[in-house]
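Me: Hi! Could you walk me through this one in plain words?

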Amino acid sequence: MVKFARCNALLSLAIGTDGKGCRYVAKGESENDVVSDMASHMTSVHQLEGPEMTENILAVTRTHGS
Ligand SMILES: [Zn+2]
């Protein structure tokens, strides 16, 4: 089972590295994997970090195929 979260579900106006709407999708085997993948993307690309990010990421995490 693969879990994923879309950056543009978290930050609707996020701009990606190419200057367009960010289409980054964090994926992982577990919610923790998705959170850590997305958190590192948020920090490196959008300069966002903080304890509230975890909760926000979990809120938009979906399970593939469901
Ligand atoms: Zn992004």
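**Helices and sheet**

Me: Which residues of helix 2 and helix 3 meet?
Reply: Glu31, Val34, Val35, Met38, Ala39 and Met42 in helix 2 meet Met53, Thr54, Ile57 and Leu58 in helix 3. Contact here requires C-beta atoms, placed from the backbone, to lie within 7 Å. Helices are DSSP runs of H or I with at least four residues, strands are E runs of at least two, and both are numbered from the N terminus.

Me: And where do the numbers come from?
Reply: Residues are numbered from 1 along each chain as its sequence is written. This is a predicted model, where local features need pLDDT of at least 70, side-chain atom pairs count only at pLDDT 80 or more, and totals for chains, interfaces and linings use all residues.

Me: At what angle do helix 2 and helix 3 pack?
Reply: About 120 degrees, with their axes 10 Å apart. Axes are lines fitted to C-alpha atoms, for helices over the stretch in contact, and angles run from 0 to 180 degrees between N-to-C directions.

Me: New topic: what is the strand order in the sheet?
Reply: The open sheet has three strands in the order 2-1-3, with antiparallel pairing. Strands pair if DSSP finds at least two bridges between them. Strand 2 (25–28) and strand 3 (62–63) are at the edges with a single partner strand each, so one side of each has no neighbour in the sheet.

Me: Which residue is the bridge partner of Phe4 in strand 3?
Reply: That's Arg62. Strand 1 (residues 3–6) and strand 3 pair over two bridges.

Notes: Contact = placed C-beta atoms within 7 Å.
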